Amino acid sequence: MSHDDFPTDRPAVVTCGLPYANGDLHIGHLRTYVGGDVYSRALERLGQETAFVSGSDMHGTPVAVNAEQEGVSPEKFALDWHEQYAETFPKFNVEFDNYGHTHDETNTEITQRLVRDLDEAGHLYEKEIMVAYDPVDDQYLPDRYVEGTCPYCGAHARGDECDEGCQRHLEPGEVEDPESTITGNPAEYHERTHKFFAVSEFSEYLSEFLDRLEGTSNARNQPREWIEQGLQDWCITRDMDWGIDYPGDDGEQDLVLYVWVDAPIEYISSTKQYSERVGADAFDWETAWKEGASDEYPEGGEIVHVIGRDIIQHHTIFWPAMLEATDHAEPRAVLASGFVTLDGKGFSTSRDRAVWADEYLDEGFHPDPLRYYLATNGGFQQDVDFSWEKFAERVNTELVGTVGNFLYRSLLFAHRNYEDGPDADAPSDDVAARIDEAVDDVAAAVNDYSVRALGDAVTDLARFGNEYIQRNEPWKLVDEEPEAAGQVIYDCVALAKAIAVLFEPLAPEKSERLWDQLGEPGSVHDATVEAAREGPAGDLSEPTELFEQIEDERVEALNEKLEARVAESERDDEDDEEGETDAGEADDTDMTDIEPLSDDRISFDEFQELDIRVGRIDEAEGIEGADDLVRLTVGLGAETRTIVAGLKQLHDVDDLPDTKVIVLANMEKAELFGVESNGMVLAAGEEADLLTTYEDAGPGTKVK
């Protein structure tokens with residue numbers, strides 16, 4: 001990989017975390033896959049050679065447990081879901097270059113070869129461990145066949161993960177008070193021989209890797225804590241018969257590889273399958289993934305992983321250690337998305353509290369507005385609270401009111417007055433400069449790994465277009481100054497063409513329709529950002545409005561339907577335990593480490609004495625000699641303050657500038673490590689989740 005700005009000469013691979021093949025997809029899942037698709041398309045717009053790959057995660061105990069409950073084989077169960085996913089993603093214009101699965105021949109072969117390489121290099125060893133065993137059912141219980149208590153935080157845990165508490169990866173034998181998820185019987189721990197990967201040997205490498213890693217700051221900061229606490233070696237085998245066999249196993253123990261061994265290897269396998277289909281001249285998977293495969297690029301290609309934040313540890317600790325140990329290219333970037341919630345609560349598949357992917361389409365909505373909403377509603381690593389009201393507001397205000405309004409009014413006027421296209425040689429200087437700025441904004445967004453900024457670049461350009469046509473009023477010029485009118489309309493059509501190109505990653509289907517209305521040759525999907533700088537070339541067809549207004553009555557009906565379904569499901573399940581949390585969704589159960597609400601109350605007058613303001617971080621730098629402290633320069637509208645905050649270990653200091661924050665402005669001044677702190681930046685929890693605003697309140701706005 002390189003750390004040069006995109007586009008580079010190296011092949012890039014963009015991957016999305018593999019969905020477990022065990023249940024329906026909802027819009028919480030789609031946030032990751034839409035984000036990956038948007039980013040992959042944006043790379044291609046810049047001219048970057050890119051493969052976008054993923055696949056279904058067929059193995060693991062969740063699949064085996066659910067298959068057993070349905071009375072079918074795990075393979076049939078998982079393949080059915082895999083086929084459904086392969087059909088669903090294109091409906092949302094998520095177009096993988098290759099979508100495979102972990103049980104196919106390619107992945108089995110590559111996985112076993114890579115594990116043999118680990119063994120031959122001396123990175124694997126055998127160890128006796130305690131494995132849960134159901135004495136009544138005479139069955140060993142790997143991973144999700146076991147539930148109990150997390151030894152680290154005391155929350156409910158399932159097998160290999162504390163999914164309701166600290167989200168820490170758990171090794172076999174760590175769950176306390178184990179029970180069988182199949183029978184409910186109390187389990188015992190018995191000694192078994194298993195294979196371990198010596199991850200602890202890679203602590204120094206992983207620390208240096210995280211220093212190089214690009215992407216979202218949560219993907220760098222979370223694993224640093226695990227490294228500092230001391231890495232534990234990783235058990236890579238399980239006592240079950242569903243999965244990829246451990247290579248060389250004599251069959252006495254029926255060991256298969258842990259699902260998180262073969263799951264990320266599917267990224268390599270899927271890329272290989274893509275290369276085999278299109279030819280190595282079109283895309284060479286070995287140059288992208290193998291160190292030394294290319295004399296020109298011995299360190300490999302540009303690997304970008306787009307995942308949910310619940311699997312950060314696997315992609316920033318286990319996976320890069322495996323790649324380093326087997327001479328594969330390390331990831332250049334990891335983008336870890338936040339969760340999607342409903343009314344602040346996590347999606348729950350068991351309680352049917354979710355907006356399902358098929359449900360969205362069945363309501364007659366086009367996929368592109370949802371793509372835009374998921375990609376641009378907050379920073380990628382922030383949680384997004386979905387509601388039909390918020391969705392409708394973004395669609396109506398930004399897609400209909402800003403982008404759609406400019407495109408329709410300008411192209412309709414152009415078609416009626418200049419059917420063969422307005423007569424001008426080139427865009428005017430200020431319009432050409434504004435298009436250049438938008439192209440630069442897109443390139444900057446790609447290199448900042450910000451899918452939200454990709455959308456902002458387009459809506460800002462459309463906003464400029466609305467202001468431009470309103471300011472120049474071509475309808476007044478067309479009779480009196482036809483040449484001036486022609487230039488204005490040519491400029492507007494040029495802006496529309498630029499929007500079609502730059503909006504393609506977020507709204508590919510609508511952008512192609514716009515491209516056709518402009519009469520441009522070929523497909524917008526093949527156009528690079530350079531096409532945005534070129535003037536319009538085609539004959540204009542009569543435009544139609546690209547985006548449809550969502551009326552209040554429709555929102556009310558959608559809310560009633562969702563609330564009724566959730567209420568009915570909760571009544572049916574009121575005696576059940578809390579439902580499982582899927583990859584890519586937040587958990588709605590109470591966490592044991594949440595402090596109880598205080599019984600002490602303050603009066604409204606006391607609250608009014610707190611001067612809480614919106615601020616924006618202008619500059620951030622670490623304070624010498626202080627492990628945690630950062631000196632922030634924060635704009636508060638009327639003035640700029642210096643504030644010291646304990647953020648260094650929890651946030652990437654370089655990412656803090658331009659972050660909107662909430663500041664207690666009348667906090668007493670304090671001197672910390674020789675720096676006077678004039679205010680307090682507010683944050684939530686031990687992870688210092690910075691408080692911010694949902695809309696556009698500017699610096700200095702008072703919080704009431």
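Predicted model: local features only at pLDDT ≥ 70, side-chain atom pairs only at ≥ 80, totals over all residues.
Which residue follows H6, and is its phi positive or negative?

Let us begin with the overall picture. The chain holds 20 helices and 27 strands. Its radius of gyration is 27 Å, close to the 27 Å that the globule rule gives for 704 residues, and therefore the chain is as compact as a globular protein of that length. If you draw a box along the principal axes, the C-alpha atoms fill roughly 95 × 70 × 55 Å. Of the 704 residues, 57% are buried, and if we take the contacts between residues at least 6 apart in sequence, 74% of them join residues at least 24 apart. The accessible surface comes to about 30200 Å², and carbon and sulfur atoms account for 42% of that surface.

Now to helix H6, which covers residues 217-229. With 13 residues at 1.5 Å a residue, H6 should span 18 Å, and its end C-alpha atoms are 19 Å apart, which agrees. The buried residues in H6 are Ser217, Asn218, Ala219, Arg220, Asn221, Pro223, Trp226 and Ile227. Those buried residues pack against helix H5 (203-212), strand S10 (214-215), helix H9 (312-325) and strand S15 (333-337). And here is the reply to my opening question: glycine 230 follows H6, and its phi is positive, near 100 degrees.

That brings me to the backbone elsewhere, where a few places deserve a careful look. In the segment before strand S1 (12-16) we find proline 7, and the peptide bond that joins phenylalanine 6 to proline 7 is cis, with omega at about 0 degrees. Aspartate 658, which is not a glycine either, has a positive phi of about 80 degrees, and you will find aspartate 658 in the loop between strand S21 (640-645) and strand S22 (660-664).

Is aspartate 658 buried or exposed? Its relative accessible area is 60%, and because a residue counts as exposed when that value is over 50%, we call aspartate 658 exposed.

Terms used: Residues numbered from 1 in each chain as written. Heavy atoms only, no water. Helix = DSSP H or I, 4+ residues; strand = E, 2+ residues; numbered from the N terminus. Rg over C-alpha atoms; globule rule 2.2 N^0.38 Å. Buried < 20%, exposed > 50% of the residue type's maximum accessible area, 1.4 Å probe, protein only. Contact = heavy atoms within 4.5 Å. Areas by Shrake-Rupley, 256 points an atom, 1.4 Å probe, with all protein chains shown as cover. Expected span 1.5 Å × (residues − 1).
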